[in-house]
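Keep the sequence and the 3D view open as we go.

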Amino acid sequence: MKVLDFSRVVAGPFATRMLSDLGADVLKIEPPEGDVTRTFSNPGGGAAGFYMQQNIGKRNICLDLKQEAARDLARKLAAEADIVVENFRPGVMAKFGLAWEDLKKLNPKLVMLSISGFGQTGPEAKRAAYAPIIHAESGLIGRQAQMSGGPAYDMQFAMADSYTSLHGLIGVLAALRVAEKTGQGQQIDMTLLNALHASDDYANWALDGTWPRPVETIVWQAPEDMQLLIVGDMRWLWHCFSTMDDLQDPTPKGADLTTKIKLRREAMEHHIASYESFDALTKRLDAMNLAWGKVNEFGPEIYEQESIKHRGIVVDIEDDIGNARRTVQSPYRFSESQSGLPSGTRLSRRGEHNLEALEDWLGLPADEVEALADAGVLLRE
């Protein structure tokens, strides 16, 4: 499967990274200035881990799409591709002569994933959109503030980008099946806003007008200066601790609901913190069939947990200049097929596969590729 990847940052690159992990030949088209995330943070002088996580496993050619010869080359590559992925603002691909209307004439079976904030058409199609913008406008940030009672702030996770990549990947795989059966390709118009709302398991509360609802997941102070999240609303937690762990009700007779909630929560806090050890507490929670999670500090230690090591989610690789690095592995585990990055995979340098990929995809001889490089159409680090 040949994938031509024009996308940048996360929305798009994550989908094509997963396609690469699943065995596709992904050819990333990078501009002369490079994907902006290459230089987010580069320990040891190599490419940023952020860029590496989304792009390792892909081959790379560097095209200056401002030149007509580069655009012509991109069209030839699209004619050979099974999949094209792009996340430019709507209208940009058309300026390059690479819009869906252009490419479907060259390749009727082509599947094209176009990712944008608000859609290829519509009143807000031209708006710039990044994940935090969508988190704000989707109601996600506002909801978190309501539930926590704290200030409104964005999460440190490009949820809108990642979910849109995954929904886009599902759309691509479905469209490939249609193309296989009918010979008919199609464009998938995938928006960050739609993907986030479609993924939101709280959407029903807004649609039914029944918000707010009580907090379900509370973080408690646990023994040994640890913090613990226990899943379940306060009523269920109180029922479990009072009936199965001998927690006494401190509420005076005739107390109103607000007082009852306050006093019971304080009693729960003291009870949970009173265990002699964190291990003793979690064993008791297991005995009561309550789901819990230790609140870990964010850092390399989170990848040392037993289940994570058992599943092999971290893989040893090399960055673009050969430094030993680590990144996350594909999550897919098949009973018969292989997927993911082989250990020791090296991240491609910008334009590294100009010659190799153009020969593979288009059969271009080396002298023609060199002539394109001399003309500034192709660049290489």
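A residue is called buried when its relative accessible area is under 20%, exposed when that value is over 50%, and partly exposed in between, with a 1.4 Å probe and protein chains only. By that rule, buried residues make up 44% of the 381 residues in the protein. What you see is a predicted model, in which local features need pLDDT of at least 70 and side-chain atom pairs count only at pLDDT 80 or more, while totals for chains, interfaces and linings use all residues. Residues are numbered from 1 along each chain as its sequence is written, and side-chain values use heavy atoms, with hydrogens and water left out.

Start with the outline. Along the principal axes, the C-alpha atoms fill a box of roughly 90 × 45 × 40 Å. The secondary structure comprises 16 helices and twelve strands; helices (H or I, at least four residues) and strands (E, at least two) are DSSP runs numbered from the N terminus. The domain assignment, whose bounds come from an automatic or database source, gives domain 1 as 2-206 + 342-375 and domain 2 as 218-295. Their centres, taken over C-alpha atoms, are separated by 46 Å.

Now look inside. A nonpolar core is a set of buried Ala, Val, Leu, Ile, Met, Phe, Trp, Tyr and Cys residues joined through side-chain atoms within 4.5 Å. The largest one here has 31 residues, and Leu4, Phe6, Leu63 and Val84 have the most contacts inside it. At least two residues of this core come from each of β2 (25-30), β3 (59-63), α3 (68-80), α4 (92-95), α5 (100-106), α15 (354-362) and α16 (366-374). Helix α3 is the main contributor, giving five residues.

Helix α16 also holds Leu372, which is buried with a relative accessible area of 19%. Its C-alpha atom is separated by 9.9 Å from that of Asn354, 18 residues apart along the chain.

Next come the open spaces. On a 1 Å grid over the protein atoms alone, a pocket is an open set of points with protein on both sides within 12 Å along at least five of seven lines, a cavity is a set where a 1.4 Å probe fits but cannot get out, and lining residues have an atom within 4 Å of a point. Grid points are joined across faces, edges and corners, and a volume is the space filled by probe spheres set on them.

The largest pocket holds about 1500 Å³ of space. Of its 36 lining residues, Phe50, Gln53, Gln54, Gln156 and Phe298 are the closest to the centre. Helix α2 (49-55) is among the elements that supply at least two lining residues, and α2 gives the most, with five. By class, this lining has 21 nonpolar, ten polar and five charged residues, where Ala, Val, Leu, Ile, Met, Phe, Trp, Tyr, Cys and Pro count as nonpolar, Asp, Glu, Lys and Arg as charged, and the others, Gly among them, as polar.

Finally, consider the cysteines. Cys62 is buried at 1% relative accessible area, and Cys240 is buried at 0%. Zero disulfides (pairs of cysteine sulfur atoms within 2.5 Å) are found in the whole structure.
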